Every structure is written in structure tokens, then in C-alpha cells.
Amino acid sequence: TLFYVDRAARYLVIGRVYDMETRQDLTAARLLELNPDLLTAGAPRNAQAQEASQPAPRASATKVSLAGLPANGAIMWGPANGLKAVVFSDFNCGYCKKLEDELKAIGARVEERPISIFGAESRREAERVLCAPRPDLALRLAYAGTALANPWPCDTSGLDANEAFAKANGFMGTPVIVRPSDGAVLEGYRPAHVLRAFLAGKPAPAPTPTTKG
């Protein structure tokens, strides 16, 4: 929690400070400087997100077909020549943020498809990202805990398609990584070396308990 006081320490303000010109949540930015694991709603929400975003029970589908998913439900980022990954994520999921860092580390080309594991607020955040002028930049701001402005309305039917696909394939938690070359599924956060092997179609190194905390 971050508090603000005047120079004489007479007045104490509990709340968030926003820069209305840049539309940035300054409190969130400062909290992230103090503790990079914090999300925009603070530590209690972050703890809940971390716990809920542990790898879900294994989905019934170990391979899926991505053929029916529309392009307007995806946010593309990463170098065009990188290893290809499709990621189902929630911007309020702590392990999705950790996964983003690992995918950046291996230079992956990511097709990120938001789903609303944490309910209505997650859906609103996904719409803010998808409808932003630069969805790839808005995605990074969302994971950083920066409050996003409400953009002009856009076609969000692709998010509905993501939700339906996740439900049909038993994806009850995030993140879920799909290898687009053959539709193989990998659930939960994984470190960079495991992701590289999986996306390249190579045998993964022996698993380590990286998602238990």
C-alpha cells in the first residue's frame, strides 16, 4: 500500500494518483518500482491472482486445432521470425506476466488470446487492450499494472471466440501455451529453456517445481 502526506505530515491521503494527460496510474508505477510482483490492485489481489493462476488441472485436450479462431481475438507481439506460440492468458494473472517475460527472453513470436479467468474486470481489461491503437503496447502496460484508458469501441467478437474455445477444450486456468505447428498444449508457467524446447518441438528438460509458491 502506498500513502501520501503533505510536507508537514498533517494530512494523510490514501488512494491512487493518476496523470490525466498521459492517462497513467502513477501509484501503480511507483508500487511496481517498490515491488515488481504487484499488480495494479495491490498485493491482496496479486496474491489471489498468483494462487488462482497456478497450472490448472490438465485439460481434456492435449492437442487442439486452432483453425477456427478469428484473427480479431489475438494480439501479436515479438519478432516475426521467432518461435511461434499461441498463448491463452488473463491480464490479471501473475503467472501470465511471468510467462510474458520468459517468452520475450527467447524472442518468441506470440499470438496472445485473452480469456477472462478472473471475471468481468478481466474481460474489460482485455477489451481495453484489444481496442487500443497499439494493442501490443497496451498489452505490456496492462501486465505492468498501468491503468488503461477506455478506447473507442471495436469488434470484440474475437474475445468471445477465445472464451468459447477455452471452455470447449477445458482450459480452466491461465496461462495455456499452444504450439501452432501441431496444436500441442502446455499448461501453466514455464521457464525460458522449457518454452524454447517445447516450441521447437524438442523433448523438454526434466520439469522443476517452478509454479508452486
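Residue numbers start from 1 along each chain as its sequence is written. Since the model is predicted, local features need pLDDT of at least 70 and side-chain atom pairs count only at pLDDT 80 or more, while totals for chains, interfaces and linings use all residues; side-chain values use heavy atoms, with hydrogens and water left out.

**View 1. Lys 97 pairs up with Glu 100.** Their closest N and O atoms sit 3.2 Å apart, which makes this a salt bridge (a side-chain nitrogen of Lys or Arg within 4 Å of a carboxyl oxygen of Asp or Glu). Both residues belong to helix H3 (residues 94-105), 3 residues apart or about one turn; helices here are DSSP runs of H or I, at least four residues, numbered from the N terminus. Glu 100 is buried at 2% relative accessibility, whereas Lys 97, at 23%, is partly exposed. The cut-offs are under 20% relative accessible area for buried and over 50% for exposed, with partly exposed in between (1.4 Å probe, protein chains only).

**View 2. Arg 140 also meets Glu 100.** This salt bridge spans 2.9 Å from N to O. It ties together distant parts of the chain, with Arg 140 in helix H5 (residues 135-143) and Glu 100 in helix H3, 40 residues apart. Arg 140 is partly exposed, at 29% relative accessible area.

**View 3. Lys 104 reaches Asp 101.** Here the closest N and O atoms are 3.9 Å apart. The two are separated by about one turn of helix H3 because they lie 3 residues apart in it. Lys 104 is partly exposed at 38%, and so is Asp 101 at 32%. Zooming out, salt bridges with shared partners join Lys 97, Glu 100, Asp 101, Lys 104 and Arg 140 into one network.
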